[in-house]
Amino acid sequence: MSEKKSRRGFLKTAGVGVGGLVVGALAGTAVAPLIAPPPPKAKWADLPPSGSTIIHGMDAAYPPFTQIDPSGNAVGFDVDVVNLIANKYGWQIVHKPWDWSAIITAVQSGDLDFVASGMTDTAARSEIVWFSVPYYSYIHQLLALVTETRSRDDILNSGGFIACQTGATSDEWATKLLAKGYKFQKLGLDSYELAFKAVTDGRAVAVISDSAFTGPLFKTQPDVAAKFRVVSTIGGDATYGYATRPGDYGLRNAISHALEDIMATTDWQDLRDKWSV
Amino acid sequence: MAAFAEFLPYILSGVVWTLGLVAGGIGIGFVIGLLMSIGQIYGGEDIKAILHAYVWFFRSIPLIVLLFLFYFGVFPATGFKLDPLACSIVVLGLRSGAYQSQIFRGAILSLGDTQLLAARALGMSKLRGIFHIVLPQALRISLPGWSNEYATMIKDSAITFTLGVLEILTRTRYVAMATHQPLIPYFFAGGLFIVLTYAGSKIVNTVYERTKIPGLVGRL
């Protein structure tokens, strides 16, 4: 009797479990179109007038482009450039830190007006946001400890962990290399900072980073620079741009024109020197 | 270390945000959980089924998924434009309500039917009996379980960093990057969470000791 009961209990539990999965999948499919975020609406189709409040989205964990100071204020190369742009047009800028993995979604949903935070203008991103003119170029690199003597291909085929920043272009490069047949394990971490630490701690054999991050890092942290060597570059040059919502012609064009103007002045080099980028 | 010391006030001010998240989430969860527990015990079959589905939904989905689902999906689609802090509090509250309902439900069931029967025998309505006889006892019994919910909530609140809520973890991440010192800020944040968890649990336990009914549960 009790055996029959326990079997019935097991079947009931299994039935609820399987039923839950089926119902969840069906409900998700049916409800998804209803709760999907509404398509992005253009807010700044025309040039935002003087006095407009523009919300600048930034990853506050990406020094020296965007970070915070001890008072919690946004600082960095991109923050300075955005302030120069805002001064030119008389905009009120709100610098809003946002998690990198959801920052484009926040632009689409209207929580942010644009992202200026060392964002690479990739083809995939260009399908969902509109980029300004590029303002900074860099190249991806494979870096390992100076004690690592193996070649690029030996490291990529070592079966060990190679660190990268989750959601960043280094993550995309790791995926591309794996798809190409290299035999390593991807170690996606929250930031480049932690990716480098994984190598110095011995948890990864190498790190995929970009010169936009490693350049300033090595200039300001010579002790870190002394531990690493660039094994090889990966791919071709990439560029950063400021990302705006699709349809925001006015904002995107204004940012592009302002960027070109600023880059044509000596202020630009001064800013690059100030932030070591 | 010196660089980190400069950022100490910045991280410490995250405590206010974390406590705001916890107070809001626990408060909303308390109201939802209490009403749901009453519905689950004294409600009709239909109400019980609906409440069961609610509990099942919020207990089955990871918090980070709920946050994204509500912030980027449900709220915008229904016309509510909540900022990240408000959305996080609501989601934490909705989820906590599901868990708290089970704490209160267990406490009410532990009293048995006799308390409500006695109230009814004295001429009280069912609703009055629940609110004046059953709940005052059940709430006392549920306090230890409720302190676990506080401890869980304070740790879960950290996941709202994904929406940019400036609570302790979000600020710690920013400081770790700005100072190029990941270890010290995270150690400090861990210490803060320990202090907050311990202090909160201690307060709840003190309330429990002061309000417990001798002989009802535990020692006399």
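Author: Happy to! One term to begin with: helices here are DSSP runs of H or I with at least four residues, and strands are runs of E with at least two, both numbered from the N terminus. Bear in mind too that this is a predicted model.

With those terms in hand, chain B has nine helices and zero strands. Read from the N terminus on, the order of its elements is α-α-α-α-α-α-α-α-α. The C-alpha trace of chain B spans about 70 × 50 × 20 Å along its principal axes. Chain B has 220 residues, and 35% of them are buried. As for how the chain meets itself, take the contacts in chain B with a separation of 6 or more: 77% of these come from residues 24 or more positions apart.

Now to the side you asked about. Chain B brings 18 residues to the contact, and chain A brings 24. On the chain B side, the elements that give two or more residues are α1 (2-12), α4 (63-77) and α8 (168-179). Sorted by class, that side of chain B holds twelve nonpolar residues, along with four polar and two charged ones.

A word on the partner, where you will find strands. In chain A, strand β8 (residues 161-165) and strand β9 (residues 185-189) run parallel, joined by five bridges. Within this pair, Cys164(A) stands opposite Gly188(A) of β9(A). Together with helix α6 (residues 169-179) of chain A, β8(A) and β9(A) make a right-handed β-α-β unit.

Terms used. Residues are numbered from 1 along each chain as its sequence is written. Chains are lettered from A and ligands numbered from 1 in the order in which they are written. This is a predicted model: local features need pLDDT of at least 70, side-chain atom pairs count only at pLDDT 80 or more; totals for chains, interfaces and linings use all residues. Two strands pair if DSSP finds at least two bridges between them. A crossover is right-handed if, with the strands pointing away from the viewer, the path from the first strand over the helix to the second runs clockwise. Two residues are in contact if their C-beta atoms, placed from the backbone, lie within 7 Å. Ala, Val, Leu, Ile, Met, Phe, Trp, Tyr, Cys and Pro count as nonpolar, Asp, Glu, Lys and Arg as charged, and the others, Gly among them, as polar. A residue is buried if 20 or more other C-beta atoms lie within 10 Å of its own, exposed if 12 or fewer, and partly exposed in between; C-beta atoms are placed from the backbone.
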